[in-house]
Amino acid sequence: FISQPKPRTPNLNPNPLINVRDRLFHALFFKMAVTYSRLFPPAFRRLFEFFVLLKALFVLFVLAYIHIVFSRSPINCLEHVRDKWPREGILRVEVQQNSSRAPVFLQFCDGGRRGSFPGLAVEPGSPEPEEDEEE
């Protein structure tokens with residue numbers, strides 16, 4: 001009874017450097033873990049890791065609190081200009097706090113006019129609109 005040779009499994013990772021990098025990281029990780037466990041006594045490690053856990057939980061609860069507070073607060077900073085802004089074209093809204101320049105509440109660019117919005121591309125076959133005087 002002669003057994004057939006098994007087909008070789010293809011190498012899923014053709015780059016051998018990735019394997020070297022993974023092995024190096026694995027070796028350094030274990031070397032650091034063993035050094036950490038040898039240098040520090042178990043009581044210090046337990047205390048240090050407990051404080052790291054407390055810090056992580058504190059940061060988690062702070063992020064959860066910020067998420068809950070911001071999700072409950074209404075977004076009404078533009079309610080006073082809601083009826084004024086145009087319904088067609090491009091509307092640019094920039095929210096600034098403690099800005100030294102005068103607030104410009106609406107900056108509207110008509111999409112059909114050339115030069116009304118820098119960087120706006122107009123189709124080559126479109127008719128040229130007449131130039132209006134700007135206010």
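## Overall architecture

The protein's secondary structure consists of two helices and two strands, with helices (H or I, at least four residues) and strands (E, at least two) taken as DSSP runs numbered from the N terminus. Their order from the N terminus is α-α-β-β.

This is a predicted model, in which local features need pLDDT of at least 70 and side-chain atom pairs count only at pLDDT 80 or more, while totals for chains, interfaces and linings use all residues. Residues are numbered from 1 along each chain as its sequence is written, and side-chain values use heavy atoms, with hydrogens and water left out.

## Burial and contacts

Of the 135 residues in the protein, 3% are buried, meaning under 20% relative accessible area, with exposed being over 50% and partly exposed in between (1.4 Å probe, protein chains only). The protein exposes about 13,500 Å², and carbon and sulfur atoms supply 63% of that area; accessible areas come from the Shrake-Rupley method with a 1.4 Å probe.

Among contacts (heavy atoms within 4.5 Å) with a separation of 6 or more, 11% join residues 24 or more positions apart.

## Residues 47-70

An unreviewed UniProt entry lists residues 47-70 as "transmembrane region"; such annotations may be inferred rather than shown by experiment, and the positions follow the numbering used here, with feature names shortened. Over residues 47-70 the chain is 100% helix and 0% strand, and the end C-alpha atoms lie 35 Å apart.

## Phe61

Helix 2 (residues 42-72) contains Phe61. Phe61 counts as exposed because its relative accessibility is 57%.
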